[in-house]
Amino acid sequence: MHADLIGLGALVLIAGLLARGGRRLGLPTVPFFMLAGILLGPATPGPVLIEHPEDLALLAALGLVLLLFSLGVEFPVEQVLASGRRLFVAAGSYIGMNVGAGLGLGFALGWGTAEALVIGGALGISSSAIATKLLIELRRLTNAETPVILGIIVIEDLFLAFYLALLTPVLAPSGSAAGLVVDIAVSFGYLLLLFAVARFGARLIGRLIGSHEDEILVILVVGLVLLVAGISAEVGVSDAIGALMIGLVISRTTVRERVERLTLPLRDLFAAVFFVAFGLSIDVGELGAVAVPVVVAVLITVTVNVTAGLVTAALFGFNHRGAANVGLTVLGRGEFSLILATLALAAGLDARLGPFIALYVLVLAVLSPLLAAQSRYLARVFPDRLLRSRWRYVREETMSTACRHLDRVAVTETDTRECAYCAETGDDWVQLRMCLTCGAVRCCDDSVNKHGTAHFAETGHPLMRSLEPGEDWWYCFEDRVLVRQPTGQGDRAGSARDGEDDRAGGAVV
């Protein structure tokens, strides 16, 4: 017993230290938890801290349940329902393309139908935790495309519940087509029952678990979550679904915020154990056998995500940079892919699924932050005709409302329609820009001389605007973002022009 405690404590401590080092490099924590399990597990040469990974099965299951429960508690149902048709079309396109590509790869590998369904889900569902962290760390929370990104990952989370309901009977087949149909019907029936409880029984559940004492509240909540998860597993539905759905119920009660705050440390701790336990089951020697399929899967995911970003940008009128941000921000795969792999291995499916998904998640967890941070380079190679954007200068930037230099705006209009420096030397210009601090008119970066950027370098005046007909955007050199005009600034307020800007391919959103 003492040896087990020492091994578990050392393993969790090392996982935390690795994750802390990863965070300093701007990387997510999930791959480092997995890495600790892989390096210190019994299937990898070297020191072994946990001889029998199955000893952690209950703790890992608790981590999985709390992870999905937390997702349900945080799920903004009303926000999703009020998001409009375009968001559902964008999210449906993203999910359909990614899951479809994953299914195609799964069948091409020839590992089996059930395995193909697992691969489809693992490749199709992005990590909401990684995507959210990227938005925060890259300071893109106020970008125009960010609400759409958040909407997509929220709808993905909802899709996960239905996908798990579909997959659970497949992972434990009844032996006949009729039996499979019955099992799927039971799974979806149980799902609908839990939706009904969330819709109509939230007040009763709130009274059942409600307590003014935090200690009693967290005990009642965890007990309820484990009970529902266990009942779900007994009726042939994944315990993860039960946890997710009871989270939706709690999200509609008056104790939601307290529950979210109290269970967060438990979720983080036991979710880390879940990822470490998954890593313990991976043999490094098996990673080489799946390296080629993983490379193919990563290339497919990057290609499909970029394509989905372009589709989303076309739907919402984003420019090239917005399209690149959408596609690369939701590139990471993490907790949900590992959940599917865990369920698959527990069901006795092809053992290659474990190392395949583990290596796939590890590669994308490192690659996605690097690519998302450099999205401007991808924006430069998108053909203009894809997004109807006419000028490279604009397409490489995204829009924000978080400019810190609006107090430097002194001039918004001018009658000048030439770049004085270009006129003096006899050079032509492509477009004209106006400094919003001193009113100087200079040529754009598509012009030979780039006098607009040179003016900023000389004066430090941060904001400029386009003088092209039909273009209302401003640009901040300091913050390196397109800026939505504050209401009342300029001849046309940005908030009153959103619809026209959506149609004006070369400007902002």
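Tutor: Rings of Phe, Tyr and Trp (its six-membered ring) pair if their centres lie within 6.5 Å; planes under 30 degrees apart count as stacked, over 60 as edge-to-face and the rest as tilted. This is a predicted model, with local features needing pLDDT of at least 70, side-chain atom pairs pLDDT 80 or more, and totals for chains, interfaces and linings using all residues. Side-chain values use heavy atoms, without hydrogens and water, and numbering starts from 1 along each chain as its sequence is written.

Student: How many aromatic pairs turn up in a search of the whole structure?
Tutor: Seven. One of them is Phe316 with Phe318, stacked at 5.7 Å centre to centre and 15 degrees between the planes. Phe356 and Tyr360 are stacked too, with centres 6.3 Å apart and planes at 5 degrees. Ring pairs join these two and Trp111 into a cluster.

Student: Are Phe356 and Tyr360 buried or exposed?
Tutor: Buried means under 20% relative accessible area, exposed over 50%, partly exposed in between (1.4 Å probe, protein chains only). Phe356 is buried at 0%, and Tyr360 is buried at 0%.

Student: And what describes helix packing?
Tutor: The angle between the two axes and the distance between them. Here helix H6 (residues 113-124) packs on helix H8 (residues 146-171) at about 165 degrees, axes 11 Å apart. That makes H6 roughly antiparallel to H8, a label for angles over 145 degrees, with under 35 roughly parallel, 65 to 115 roughly perpendicular and the rest oblique.

Methods: Axes fitted to C-alpha atoms, helices over the stretch in contact; angles between N-to-C directions. Helix = DSSP H or I, 4+ residues; strand = E, 2+ residues; numbered from the N terminus.
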